[in-house]
Amino acid sequence: MDSITNDCIPAEAVHSPGVARSDWTRDEIHYLFRLSFPELLFQAQSIHRMRFDPARVQVSTLLSIKTGGCPEDCAYCPQSAAYETGLKAEKMMDVAAVLAEASAAKAAGASRFCMGAAWRAPKDRDLDAVCAMVEGVKALGLESCVTLGMLTAPQAGRLKEAGLDYYNHNLDTSPEFYGDIITTRTYQDRLDTLETVRDAGINVCCGGIVGMGESLEDRVGMIHALATLPTHPESVPINMLVRVEGTPLADGAAGIDALDFVRTIAVARIAMPASMVRLSAGREKMSDETQALCLLAGANSIFYGPKLLTTANPAQDRDMALLKRLGMTAR
Ligand code: SF4
């Protein structure tokens, strides 16, 4: 955090607390980030409890169905073909293998199965297999989510027809900082894909990453961009950068203080009160206490399982033990 003030700020600085609205100003988001930590957490908790059971956490499992060789240049990502990270590019998994993983995820307690492919955009022929995966995941009684890059309207329509529940496509950071992180597609490309997904009637999963060297203003800008979408994403993953050797962000970027990460979660909760706020990448390196604070700040969803696409995630046993210690339950 650049600096914190405990100055008394009028309560009316943020109007209509708890209402899902898209007219947030940057000043309002800025105000939230600069609240004292106790006040911020109190507001986030109060709003969280208006809509959610504070003791329940939604659990998703994420599988990389097509790993590596991606033509995009996202500076944090080991799957980009632009970086030497030692990750081997693989062909798309076959449908049966994916469904076996989905079955195992369900048995381990997941309620949603997310499938990620390292593409700039899927080819129409790739979608045949992805649609079969979505249908199979749904038949298991799980919610389905995919992240495949940019989509055309007919592709989004096909996924909807297959029964897709969620499409993940992150804004990553603020519009101003975005060009420092990705040069191969624009912020507007991402907004267009989100609109295409929304128009197809698919729920949106969209969030970002912190700890990439962004300023406080960029964190404000990221939450502002998410919270001013015409409809808030139903799911908002907030990731802490996982540094991967060989990527441009392997070292150098300043990272983020754990309490500033908690602040980001709390501000996301307040700004998007009806959304599931997902504690995503970076949990492996977080203490149980930091994760507990995130849950207290309004995070109510986690990824579960040993891997997040290609980076490590806390062991399932550790997750379940933590929830148990907190008296919380997964669903
Ligand atoms: S984040 Fe996605 S789009 Fe970007 S390089 Fe990685 S796989 Fe490709």
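**Reading the terms in a predicted model**

The chain holds 11 helices and 12 strands, where helices (H or I, at least four residues) and strands (E, at least two) are DSSP runs numbered from the N terminus. This is a predicted model, in which local features need pLDDT of at least 70 and side-chain atom pairs count only at pLDDT 80 or more, while totals for chains, interfaces and linings use all residues. Residues are numbered from 1 along each chain as its sequence is written, and side-chain values use heavy atoms, with hydrogens and water left out.

User: What makes Cys-205 and Cys-77 buried?

Analyst: Buried means under 20% relative accessible area, exposed over 50%, and partly exposed in between (1.4 Å probe, protein chains only). Cys-205 has 4%, so it is buried. Cys-77 has 19%, and therefore also counts as buried.

User: What makes Glu-28 buried, and which side chain does it contact?

Analyst: Glu-28, in helix H1 (residues 26-33), has a relative accessible area of 8%, so it is buried. Its side chain makes a polar contact with the side chain of Arg-21 at 2.8 Å. A polar contact is a pair of N or O atoms within 3.5 Å; within protein, one must be able to donate a hydrogen and the other to accept it, and residues adjacent in sequence count only if both atoms are side-chain atoms.

User: How do you know that the length of helix H9 agrees with its residues?

Analyst: The expected span is 1.5 Å times one less than the number of residues. H9 (residues 258-271) has 14 residues and should span 20 Å; its end C-alpha atoms are 20 Å apart, so the two agree.

User: What makes H9 mostly covered?

Analyst: Of its 14 residues, 12 are buried, including Asp-260, Phe-261 and Arg-263.
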